[in-house]
Amino acid sequence: SARAPPRVINHPAKADLIDMVVPTAQNALLRLSARGEALTAELLRLSGHIPPLFLLAEKPDVKAYGEILLDFRYLKTPELFEHRIESSRELIERDEDVWKVHGPLISRFFNLFESIYRYIKDFARCLADLRDGVFIQSTVDSVLLDEEGKQLMCEVLYLYGVMLTLMDARIDGAVRERLLVAYYRHKGASSIDSIDDVCLLVKST
């Protein structure tokens, strides 16, 4: 029979547990678990508030905003797309209006995408630290032999899977790309530390 997915542990007082004297590795996993739960909640909130414009579902929207709300093709030749926009006063004004109206929400979507990437990156670093002996008296094996540690390890991975599944199911791939490119265009590459990695995470599949 099919195995049930790992159960998400309910920590009634997770913040209190974090402050308790616990093995450092478990502390790190507990914090990751708390972040995973918060990110899942934020993903569910934001996925219900996607600006309809970014769907480009109607022909008038495609005609008016198709050259402004761009997918990852923009990243290959940004100068070409920017020249096209800057050559039209009408496109410039529409572009500015989109950011003025939706900028804060676009920023929240980007922060969500980047935070999901950092979440799994920090988990990988936690595993590396366990292997390298950074945590005193803790190894990957010792954590997995501990009931709480084993469940936390499963929970962190399970929450990452939940986030990826929800992101794919609730935010269309093309919409994810348009949101990321909109942020990139208005904030600049220097404001994004790991643009290539975040792009791989949200890329339409």
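Ile-68, Leu-69, Asp-95, Val-98, Trp-99, Ile-106, Ala-182, Arg-185 and His-186 line the largest cavity. A cavity here is a set of points, on a 1 Å grid over the protein atoms alone, where a 1.4 Å probe fits but cannot get out, and lining residues have an atom within 4 Å of a point.

Before going on, this is a predicted model: local features need pLDDT of at least 70, side-chain atom pairs count only at pLDDT 80 or more, and totals for chains, interfaces and linings use all residues. Residues are numbered from 1 along each chain as its sequence is written, and side-chain values use heavy atoms, with hydrogens and water left out.

Back to the cavity. Its volume is about 40 Å³, where volume is the space filled by probe spheres set on the points, with grid points joined across faces, edges and corners. The count is one cavity of 30 Å³ or more. Helix 5 (89-132) and helix 8 (173-187) each supply at least two lining residues; helices are DSSP runs of H or I, at least four residues, numbered from the N terminus. The largest share, four residues, comes from helix 5.

Now the salt bridges, meaning a side-chain nitrogen of Lys or Arg within 4 Å of a carboxyl oxygen of Asp or Glu. There are 14 by this rule. One of them joins Arg-84 and Glu-67, with the closest N and O atoms 4.0 Å apart. That pair links distant parts of the chain, 17 residues apart: Arg-84 is in helix 4 (residues 78-86), and Glu-67 is in the loop between helix 3 (59-65) and helix 4.

Helix 5 has a pair as well. Arg-94 and Glu-90 both lie in that helix, four residues apart, about one turn, and their side chains meet in a salt bridge at 2.4 Å, N to O. Arg-94 counts as partly exposed because its relative accessible area is 22%, the class between buried (under 20%) and exposed (over 50%), with a 1.4 Å probe and protein chains only. Arg-35, Asp-122 and Arg-125 are linked in a network of salt bridges.

Last, Glu-42. Is this residue buried or exposed? Glu-42 is buried, because its relative accessibility is 16%. Glu-42 sits in helix 2 (residues 24-47). Beyond its neighbours within four places in sequence, Glu-42 is in contact (heavy atoms within 4.5 Å) with Arg-108 and Leu-112. Glu-42 and Arg-108 are 66 residues apart in sequence and 9.2 Å apart in space, C-alpha to C-alpha.

Terms used. 1 Å grid on protein atoms, 1.4 Å probe; cavity = no way out; pocket = protein on both sides within 12 Å on 5 of 7 lines; lining within 4 Å.
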